[in-house]
Amino acid sequence: MKTTQAQADPVRPRAPAEPLRLDRLIRAGAIHSMTGEVYRCAGLHGEQIAAVSADPHGLDDLAGRSTVVVDARDLTLLPAFSDSHEHLMEASRNTLLVPVDQARSIAEFTALIGAAARDTAPGGWIVTSMGWHESNLAESRLPTGAELDAAAPGHPVFARRGGHLAIASSAALAAAGIGPGTPDPPGGTIGRLSDGRPNGVLEGGAVWQVSSHAPAPDRAQLAQALRRGSAAYAALGVGTIREAMINLEELLAYQDAAERGLLSVRVRPLIRVGNELTEQQATALIRGLGARSGFGDDWLRLWGLKFVMDGGVEGGALEQPYADDPRNSGHLNWDPAVLTRVCTEAVRRGWRIGTHAAGDRAVRTVLDVYEAVAAEAGDLPPWTLVIEHALLSDAAQRARVVRGGFGVTVQHALLWNMGSEMLTTWGPDRTRQVNPLNEWLAAGASLAAGTDIARPFNPMTSVWGMVTRGTKTAGVQGPEHAISVAAALELYTMGSARLNHEDHRLGSITVGKLADLVGYPADPLTAEPDDLAGLTPAFTIVGGRPVYDPHDMLGPASQESSARC
Ligand SMILES: [Zn+2]
C-alpha cells in the first residue's frame, strides 16, 4: 500500500438528493484509507462513511446541529481490523467455562478444576475454557489425566486446548466409552500409558469423541456469551470476524445474538463438515442446509463450509517425520477422493470452502483436492476455495495456490503462541519457515490475515509479529520472512474483505463503505515496530456505531446507526 497525500478536494457524493447532514464528523491526525490515501477528517452518516477530506475542516459545511464533532487530532484512524480466521464462539463460550487460561502453573490449573468440582454435583461434568496453553504454565507441559482425576475425583473433566488437543479425566473417558481396547478414531489419537491404558491426552478426532458427550451451554447462554465475547474483540479494534468453525446449533445462537443487537463485531461463519461423517452423511448435511454462501446481512453473513484436513502442531501432516518422533508424520483426516466429491457438490450448490491444512503434506493434499474440484466445477469466483493456515508450504505448493486462484488465510499468532512447541515437534528449520508471508506475497498469492487463537488477541500484536517475526517465547523465527507494516495492515483489512467477497462494502475508509473504524494514539505506519505489539485502540466504530469508547470520545450513538434488527 502506498500512502500519498490525498487531493485537497473532499470526496463526497456528487449530487445528494437532499442536503447531507453528518451524524458524526471525526477529525484525526491521519486517516489511512488502506487504498493509498491519507485524509484528515471523515464524516459518518447512518452506517456508512459519507464523506472524507484531506483538509481537517473540509467537511465542516456538512455538520449540522445534531452532528457529533469528534476532535481527535492526536489519533490515527484505520479501517477496523477484519480477522479472517478466529473462533469467536469458542472464545465466548470460554467465558462460561472453568477459566484455566488464567493458570500459570499445573497447581493453579488443577486448583481451578478443584474449585469447580466443589460447585458441581457429584459426578457432574467439569469443562474448561479452551484458551489455555502449556507454554503459559511454569512447568511448560500438559497436565495429565491423572492430575485431573486427583483434582476432581469422580467428575468427568474435559480440558480442551485449542482446536486439536484435549486432556480428559478417567471419568470423562469412561463417559465417552474410551478404554484400553478402544482403537484410535479416524484422524485422531488416544494417548496411552506404557500398558496401553489411555493417559487422558486426546488429539484430533479423539477430541470430538469426548466433546460430543460433554454438556454444552444452551442458546440463550451462548447469545449472552457472544455479547461479552464480541465486545472484547471490538475493544481490540476488530470490526469483523470470520468465524472459522461452528455447528448449526451455534449458528442459531449467532442469529439470536444478531437479532437482539448483542454483537459488537460483524461475523462471517463457516459451518463445520466433520471428517467423522461418511461421504453420504457429509453430502446430506450440505444438501440439507438450504442456503449458500453469502446468505445473511451485514452483521451476520454465512461465509461457507469448513473442512479439517490434518491436525495442529501435534498432528499436522508433514512431508518429513516429526523432529521429536521419527515414526510420526501426522495424519490426514479425509480421503482426497471423498473430499473432492463432497467439495464439488458443495461448490455446485454455491458454497465457498475453507479447509484447514497445517502441515506441508496436508497443503499438498488439499491442493490435489482443490485442483480436482476446480476441474470438475468449472470457473469459480476468486476466494471460493481457501486453505486455512498453510503453516508449512514449499515454493511449488505456493505456485500451485497462485495458479489455481485459491486463497490462503494466514495467522502469525499461531507461530507467536506455539513457536516453542513447533521448535520441539517440527524442529528449528521448519519453525522458521512457518507462514513465509514475504514469499507468499512475492509469488502473487491472495492472502488474508487473522489470528486463530480462540481468545481476544490484539491484532496489533499480530501486525508486530508479521513485521518482526517475533513470538511469545520462541524469540524471532525466520526474520527473512517479515513484511512491511503497510502490507500487514492491508492483509488484515482489504485482504479479509476480499476473502469475504465484501471489498466493495468493507476493508477501507472509502465513501459509501460501511463505517468500521478504529482510532489509535500512535500512527502504526510511522511508529517503531516494537511499539506496535502493545498498541491498543482509543475507540472502535462498527457500522457508524461506537462499540468501544472507554473515554466517551465519540458521543452518543445516533438513532439510525444504533437501530438495527
Ligand atoms: Zn481455527
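The model is predicted: local features need pLDDT of at least 70, side-chain atom pairs count only at pLDDT 80 or more, and totals for chains, interfaces and linings use all residues. Residues are numbered from 1 along each chain as its sequence is written, and side-chain values use heavy atoms, with hydrogens and water left out.

Strand S16 spans residues 353–357; helices (H or I, at least four residues) and strands (E, at least two) are DSSP runs, numbered from the N terminus. In S16, 5 of the 5 residues are buried, meaning under 20% relative accessible area with a 1.4 Å probe, protein chains only. In a regular strand the side chains alternate between the two faces of the sheet. Here Ile353, Thr355 and Ala357 lie on one side of S16, with Gly354 and His356 on the other.

Strands count as paired if DSSP finds at least two bridges between them. S15 (residues 304–308) runs parallel to S16 and is joined to S16 by 4 bridges, with Phe307 opposite Thr355. On the way from S15 to S16 the chain passes through helix H9 (residues 336–348), a right-handed β-α-β crossover; right-handed means that, with the strands pointing away from the viewer, the path from the first strand over the helix to the second runs clockwise. S17 (residues 385–389) is also parallel to S16, through 5 bridges, and Val386 is the bridge partner of Gly354. With helix H10 (residues 360–377), S16 and S17 make a right-handed β-α-β unit.

The zinc ion is coordinated by His85 (NE2), His87 (NE2) and Asp452 (OD) at 2.1 to 2.2 Å. Donors are N, O and S atoms within 2.8 Å of the metal (3.2 Å for Na, K and Ca); water is not among the atoms, so sites may look incomplete. His85 in strand S6 (residues 81–86) and Asp452 in the loop between S19 (446–449) and H15 (459–468) are 367 residues apart. Both His85 and Asp452 are buried.

Definitions and conventions
Buried means under 20% relative accessible area, exposed over 50%, partly exposed in between (1.4 Å probe, protein chains only).
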